[in-house]
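Me: I want to learn how to read a protein model feature by feature. Can you take me through one?

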Amino acid sequence: MVAVGIDLGTSSSCVAVWRNGSVEVIPNEEGNKTTPSYVAFSASGRVVGETAKNQASVNATNTIYGAKRLIGRNYDDIGLQTDLRHFPYAVINKNGKPYIIVNYEGQKCFAPEEVSAMILFRMKGLAEAWLGTSVGRAVVTVPAYFNDSQRQATKLAGRIAGLDVIRIINEPTAAAFAYGFHKNINSDRNILVYDLGGGTFDVSVLKIGRGCVYEVKATAGNTRLGGEDIDNRLVAYFLEDIRKRYKTEVRSARSMRRLKFAAEKAKKALTSSNHAEVFIEALCGINYIGKISRSIFEHLCLDLFKDTLKPIDQALMDASMTKDDLHEVILVGGSTRIPIVRRILKEYFGSRKISSEINPDEAVACGAAIQAAVLSGETHERIQELLLVDVVPLSLGLETARGLMFKVIERNTPIPCRVVKEITTLEDYQNAMTIEIFEGERTLTKDNHCLGVFEMQNIPPVPRGVAKLDVIFEVDANGILTVSTVDRTTGNSNSITIENISRLRQQEIRRMISNADRFKEEDMENKRRLEVRNQLESYIYNVKRSVVENLDSLSGEEFRDMIGECEDALTWLDENEDCLREEYERKMSELLQRWSFDIRKLDAAHRAKRHREESVCDQTAIIEELSEER
């Protein structure tokens, strides 16, 4: 079965496949290599991608985007609460997790994993249509600084979408694969991947060695910094401009969505121009015309751009490198096209080469496709020796006395890895122990992120400090953690593959998979509905063309009546875009019955006309032949 690489992005997603010795980026129906990570719900059903984004301004509260900023996080996360202020759709707290509310067949709520699964299912469908075969396996990318919860949630999204996620890899690492393949590197090189996407920022330092060994030396980043934050700064600027000039407050979700789209367009325009203008008709009763210069834009967002330098310093320090040790800096993510970003990096790195040779929107998916090919047993000479050595993005440990964080695996430890540490009891004759697992860099566990809790029972009742237990932390190639404990005296053990409070219960997972299957049927029904509609439209146009071609076989009244009926039928189609399949079938049946006699008459006239034309041609040929004989 074919395996693909999928870049599941905050603002857009991309799918690629290894085929015939190279990587192919798969376009969507509109011919675009990236597809907006938007899902919209309306009376006519669910749509994903370009169509969903295009109707967002008129259906703001039921159009979901930015789900990647919610996935695998707790509802009371401070960062998540800040993000929620910018979303037009409603998000509620359900068992400590964020759930998105939409009006669809009544009020429905979806976990971020479900929304991400809808996008992955769309990517899967594009690949299957392009390749002409089923796609069941995928390598899916995540930001390097995604924690264990977010990685697990992303893998679950793939499962809901019907994909076997054979590997979760970091986005900068995938981009490094694409870079190495493009450059055909055969010597040792140190590179830094600077990945500023729609919703996240990552930096990774890698050493590419002879024999296609990619060793990640360090990662750092910010999962809440990206193009969306830049757009929000522009929105705030235009809101203030509207308040000052028009004394008007923009409050409705629809108006805010329209303003957000305008801000995004202005940002893109400022990439190549010094000024940008936005025009939004009938915005809260006004026709708004806003202007912004590149210098103002850069001033508004300067702190965001400079914030990207801190993780670079951290990653270089963790990798025991300096800027001078780097051979090249690779730019990934659409936001790296912003001129001031490149200017700041040029000033920071000095003589180091800043490379944008690989497409920043497609590089991550291409790298994921290369990894998918390797894991599928591809033997092409350019990738058969490829080896990835990735790292743990955050330190992993457990809580000890007085809430201290006891680190078992340090940040940037190569994975897969297995570390064993000794622990003991804290009280006399203690026969049970609660193991609380955390990730983070702070000294106290209350300042870090709780991953999960489990109980170790039947410990021999001895004085404190006498019992000896081994705690074993194992991180697999996907960066997913399993923790177990073993009592050295009794051999008694217990383990957990992290299932923390931000994760979903099995009942919820089963519900989501069931919903995904239901949507699959709905999507198929929608496809059949559109096929019937297209058949009806083609039939009407064929009849209209036949009437025009056989004008001389009809009276003036017959011609006007037939053309009028065709126009009425086309108008009905335009006014009934959301009909059920059965309604289109009824309309087709009605027109077939109404026009059957007229069509037979036109066909007979057409055959007679063609016969006359053929007879004339035959007579002409005979005359020409006789003339030649004379």
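Predicted model: local features only at pLDDT ≥ 70, side-chain atom pairs only at ≥ 80, totals over all residues.

Me: Start with the chain. How many helices and strands does the protein chain have?
Reply: The protein chain has 14 helices and 29 strands. Of its 630 residues, 51% are buried. The accessible surface is about 29,000 Å². Carbon and sulfur atoms account for 48% of that surface.

Me: What share of the contacts joins residues at least 24 apart?
Reply: Take the contacts between residues at least 6 apart in sequence; 67% of them join residues at least 24 apart. Ala3 and Leu375 are 372 residues apart along the chain, yet their C-alpha atoms are separated by 8.8 Å.

Me: Where is Ala3, and what is it in contact with beyond its neighbours within four places in sequence?
Reply: Ala3 belongs to strand E1, residues 2-7. Beyond those neighbours, its contacts are Val17, Arg137, Ile166, Ala372 and Ser376. Ala3 counts as buried because its relative accessibility is 11%, and the cut-off for buried is under 20%.

Me: Now helix packing. What describes two packed helices?
Reply: Two values do: the angle between the axes and the distance between them. Take H3 (residues 112-131) and H4 (residues 148-160). Their axes are 8 Å apart, at an angle of about 55 degrees. That angle is why H3 counts as oblique to H4. The crossing is right-handed.

Me: Which residues make the contact of H3 with H4?
Reply: H3 supplies Glu113, Ser116, Ala117 and Leu120. H4 supplies Ala153, Leu156, Ala157, Gly158 and Ile160. By class, that is six nonpolar, two polar and one charged.

Me: Give me a second pair. At what angle do H9 and H10 cross?
Reply: H9 (residues 309-318) and H10 (residues 339-349) cross at roughly 35 degrees, and their axes come within 12 Å. This crossing is right-handed. On the H9 side, Leu309, Ile312, Asp313 and Leu316 take part. They meet Ile344, Leu345, Tyr348 and Phe349 of H10. The classes here are seven nonpolar, no polar and one charged.

Me: Next, a loop residue. Is Thr200 buried or exposed?
Reply: Thr200 is buried, because its relative accessible area is 5%. Thr200 sits in the loop between strand E13 (189-196) and strand E14 (201-209).
Reply: Most residues other than glycine have a negative phi, and most peptide bonds are trans. So look for the exceptions.

Me: Which residues here have a positive phi near 55 degrees?
Reply: Ser320 has a phi near 55 degrees, positive in a residue other than glycine. Ser320 is in the loop between H9 and strand E18 (328-332). Ser320 counts as exposed because its relative accessibility is 67%. Tyr429 also has a positive phi near 55 degrees. Tyr429 is in the loop between E24 and strand E25 (433-439). At 54% relative accessibility, Tyr429 counts as exposed.

Me: And which peptide bond is cis?
Reply: The bond from Ile415 to Pro416 is cis, with omega near 0 degrees. Pro416 lies in the loop between strand E23 (414-415) and strand E24 (417-423).

Key. Residues numbered from 1 in each chain as written. Heavy atoms only, no water. Axes fitted to C-alpha atoms, helices over the stretch in contact; angles between N-to-C directions. Helix = DSSP H or I, 4+ residues; strand = E, 2+ residues; numbered from the N terminus. Parallel < 35°, antiparallel > 145°, perpendicular 65-115°, else oblique. Left-handed = near helix turned anticlockwise from the far one by under 90°. Contact = heavy atoms within 4.5 Å. Nonpolar A, V, L, I, M, F, W, Y, C, P; charged D, E, K, R; others polar. Buried < 20%, exposed > 50% of the residue type's maximum accessible area, 1.4 Å probe, protein only. Areas by Shrake-Rupley, 256 points an atom, 1.4 Å probe, with all protein chains shown as cover.
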